[in-house]
Amino acid sequence: MSEGTLFNPGFLGASFNWWIGQIADDSTWRDNSVPGKFESKDQVPGWGKRYKVRIIGLHDKEEASIPSDQLPWAQVMYPITAGGGQGNSAQTANLRQGMFVFGFFLDGQDQQVPVIMGILGNNAQTALKTSIGTDDSNFAPTSGYANGKNPPSGTAKPRVPDEGLVISKPKPSEQSQECSPAPAGVKVNKYGLRADKPLTKPQFADQQSALAEAESKGLTGSQKDDFVQQKVAEGIAARCQAANSPAGTPHPGATKENADAFHEASNADVKRQEAYIKKTVMMSPCNMVESAMKSIQTAIENLTAEINKVLNAALYYIDAVSSKIQEIKALIANFACEIAKYLKIIFDKIMEYVLKQIHKALVKTVPAVPPNRRYQYADIKEQITELICCLYRKITNNLCGQIEKFLNDQVEQEKAFLDNDNNVNSIQMCSVEDMVGSIIGANMNDMTSGLDDTLKAADEFLADMQKYLAQGSSALANIKGSIDGLSGSIAGAMNFDNLKIQIFGCDLKPNCPASDYYTIQSGGAGQPQSQIPNPTSVSVAAANPKPVGTTTETPFAQPTKDSPKVTYK
């Protein structure tokens, strides 16, 4: 009875058989779990949290001998802190393909029911293979993102998180050593190379070539050594630049898959730091026009930084791995609408100025209009106000396209709002004034011609009232004169103050914020005094605007005349 199959004294008893193995290609066990949400446990195709494990010394390395799908199922032993699932007390096993695990056989000498007790951690220096389920990859360090015989697709395909991407381009060990600075305490020779490492073939070739060139130039002593050191350093720099370029030959190791290098910088660190230093606009209610100009300046600074990041993605691996934007024009289109939001404040101020000038001129004619006609005159004044507001709404609705075209032209002309030092964090206000003035100048004709059409109603009414209103024609002439001078009064319009916050002399003045923007890292900050907007410069730019077009907007889909009619019930 003691030797029968129904009773084994080694089962959880006398014999405790250890094993160590590697989790096989996940295509052989991943169906035990459903990758997305599901309604019923009956929808799970497998049973339990189990893994296929290739055990060293028990299973051959070759897939032809024992394919991965024929390996035994291994259960998981959870710690007491994880729970077993009852009472909703559980933790998920965090195991991936290629990991080396160890455990024991639950059935002792029969060796058919392995149990995973623990896992061996991977270290940062281990080179991981990017394929699994092959004779070469079995029992070898393998990436958890390696491609197996049947890799998952769609939403089931694992995506490397930002925390799992390195910021330095993976290179062969020889190049990685060459491009890394010498560790502390390691001496270098007279050529600037590590004394504890032999010369690589490229370094030896650079050294011999430099020595021959130095001798041909007649250099001796320290001059010769300095010349050779410079040539060797240039060779190393050129090779490292080529190796670090995103366009260089790819090598495995772009992912962080280790249990020791916790503080190794990752793509998430780069994105987090960019978010920390990104400027967020803070508008001021005290001087809306000046605040809007500074907001445009801040938005352009952010845009230029993003454009430079996209352009640098072709040169620097860190920018390539942390940038999700591939199309500069799409980036400009997004920022153009943000800038249009601030530019609309300036156009609204111009509209207030125009309305004020018109009503100041019209109010002089009101006393001369017969009382029984004044209600008609009031209706006309209201109609003029509505038409002017409609005119400016039409103009501001097109600002996105105009700004986008202007910015695209600036980028193509390599004038991406950089200062003399190419400092993307210090965009010059004169560039903003030039852009704002050009956009205003491009719409000046629409503003003046639209006002002429709008004033026709008042003109016609005053013509009818000519027999009652002797000075009507002169009043209308004054109105037109004030409007015709609008192009030269942009500065006055931008400085126009239509509403006084302080009604009584004893009212407290509002506390105007000192910050124009803030960053998560440094808090609030303001533009320097030298970058205060100058409305006169905007007026000059509006009088001599740069060519400003507009981008073509994609229209909504419209049914054709041949489309069948749809009846809604």
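# Report on a predicted structure

Thr155 is exposed, for its relative accessible area is 83%. The residue belongs to the loop between strand S7 (142–147) and helix H1 (173–179). Thr155 and Pro35 are 120 residues apart along the chain, and their C-alpha atoms are separated by 7.7 Å. The model described here is predicted.

## The chain as a whole

The chain contains 14 helices and ten strands. Of its 569 residues, 36% count as buried. When contacts between residues at least 6 apart in sequence are considered, 72% of them join residues at least 24 apart.

In soluble globular proteins, nonpolar side chains tend to be buried together. The largest nonpolar core of this model has 57 residues, and the members that touch the most others are Ile346, Val436 and Ile440. At least two residues of this core come from each of helix H5 (288–312), helix H7 (328–362), helix H8 (374–397), helix H9 (399–412), helix H10 (429–454), helix H13 (490–494) and helix H14 (535–543). H7 supplies the largest share, 18 residues. A separate core of 13 residues lies apart from this one, and its members include Ile23, Ala74, Val76 and Ile116.

Which residues does Val436 touch, if those up to four places away in sequence are not counted? They are Met293, Ile296, Leu343, Ile346 and Val538.

H7 consists of 35 residues and spans 49 Å from its first C-alpha to its last, which is close to the 51 Å expected at 1.5 Å a residue. This helix bends by about 30° at Tyr342.

H5 consists of 25 residues, and its reach from first C-alpha to last is 36 Å, close to the 36 Å expected at 1.5 Å a residue. H5 is mostly covered, as 18 of its 25 residues are buried.

## Aromatic rings

A pair of aromatic rings is described by the distance of the centres and the angle of the planes. The structure holds four aromatic pairs. Two of them are set out in the table.

| Pair | Centre to centre | Angle between planes | Arrangement |
|---|---|---|---|
| Phe16 and Trp18 | 5.2 Å | 75° | edge-to-face |
| Trp19 and Phe105 | 6.4 Å | 50° | tilted |

Why does the pair of Phe16 and Trp18 count as edge-to-face? The angle between the planes is 75°, and planes over 60 degrees apart are classed as edge-to-face. For Trp19 and Phe105 the angle is 50°; it lies between the limits of 30 and 60 degrees, and therefore the pair counts as tilted.

Are the residues of these pairs buried or exposed? Phe16 is partly exposed, with a relative accessible area of 43%, whereas Trp18 counts as exposed at 55%. Trp19 is buried, with a relative accessible area of 5%, and Phe105 also counts as buried at 5% relative accessibility. The cut-off explains these assignments, because a residue is buried under 20% and exposed over 50%, and partly exposed in between.

## Charges over a ring

The ring of Trp73 has the charged end of Arg50 over it, 4.4 Å from the ring centre. The charged end of Lys52 also sits over the ring of Trp73, at 4.4 Å from its centre.

## Residues with a positive phi

Most residues other than glycine have a negative phi, and most peptide bonds are trans. Asn88 has a positive phi, near 60°, although it is a residue other than glycine. Where is Asn88 found? Asn88 is placed in the loop between strand S3 (73–76) and S4. With 75% relative accessibility, Asn88 counts as exposed.

Phe139, likewise a residue other than glycine, has a positive phi near 60°. Its place is in the loop between strand S6 (129–131) and S7. The relative accessible area of Phe139 is 24%, and the residue is partly exposed.

Conventions
Residues numbered from 1 in each chain as written. Predicted model: local features only at pLDDT ≥ 70, side-chain atom pairs only at ≥ 80, totals over all residues. Heavy atoms only, no water. Core = buried A, V, L, I, M, F, W, Y, C linked by side-chain atoms within 4.5 Å. Buried < 20%, exposed > 50% of the residue type's maximum accessible area, 1.4 Å probe, protein only. Helix = DSSP H or I, 4+ residues; strand = E, 2+ residues; numbered from the N terminus. Contact = heavy atoms within 4.5 Å. Phe/Tyr/Trp six-rings, centres within 6.5 Å; stacked < 30°, edge-to-face > 60°. Lys NZ or Arg CZ within 6 Å of the ring centre and 35° of its normal. Expected span 1.5 Å × (residues − 1). Bend = angle between axes of the 7 residues up to and from the residue.
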